[in-house]
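Let's take a friendly walk through the salt bridges of this model. Have the sequence and the 3D view ready as you read.

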Amino acid sequence: MATCTICGDELHPERSEKYDTCTKPACRARGARAIRIASVGVNKAADQFVVLDERTEREMAKGRFKKEPEAAGMPRRRPRTPTAHASASVTELVPTSSVRPSRPRWSPAQERLALTYRAMGMTPEQIANKLGVSPYLVTQILLKASAQGRR
């Protein structure tokens, strides 16, 4: 049977598969060790971290986590600046959308029912259960109706 390396007590067989210390707070505190972590990639969505051990230190030394420079010979794009005489003669075009306006996400009947249920004192969750829609949509219906003066 395996024993704790700090206090010498017997370890449970399942614990001894992964750990060499027991679960006593004194043994855990004495056997704990800090893990070094390195940030290897940062972008707008999420940071990327790795545990800094011998293998990752070797990979970092080889340049695995280094930011790749632009390829040689690739010209950098510069924003085009129009010349002074050209900008005076060209009218600025405003882009138009070809998308049709979206239809309302609820019917007038749903709006009337939601207002009636609210007047009865029901919560948006209860109204949503009655109408078969989400509480968010009920809140949107009620907000729009109150903004338009319908209570």
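## A pair within one helix

R55 and E59 sit 4 residues apart in helix α3, which means about one helical turn separates them. Helices here are DSSP runs of H or I with at least four residues, and strands are runs of E with at least two, numbered from the N terminus. The two side chains meet in a salt bridge, N to O at 3.2 Å; the term stands for a side-chain nitrogen of Lys or Arg within 4 Å of a carboxyl oxygen of Asp or Glu.

R55 is partly exposed at 46% relative accessibility, whereas E59 is buried at 18%. Buried means under 20% relative accessible area, exposed over 50%, and partly exposed in between (1.4 Å probe, protein chains only).

## Pairs across the chain

R36 bridges to E57, with 2.3 Å between the closest N and O atoms. R36 belongs to the loop between α2 and β1 (37–42) and E57 to helix α3 (residues 54–62), so this pair ties together parts 21 residues apart in sequence. R36 is partly exposed at 47%, and E57 is partly exposed at 38%.

D9 and K24 form a salt bridge at 2.2 Å, N to O. This pair links distant parts of the chain, 15 residues apart: D9 is in the segment before α1 (13–16) and K24 in the loop between α1 and α2 (25–31). D9 is partly exposed at 32%, as is K24 at 38%.

## Count and basis

The search of the whole structure finds 3 salt bridges. The model is predicted: local features need pLDDT of at least 70, side-chain atom pairs count only at pLDDT 80 or more, and totals for chains, interfaces and linings use all residues. Residues are numbered from 1 along each chain as its sequence is written, and side-chain values use heavy atoms, leaving out hydrogens and water.
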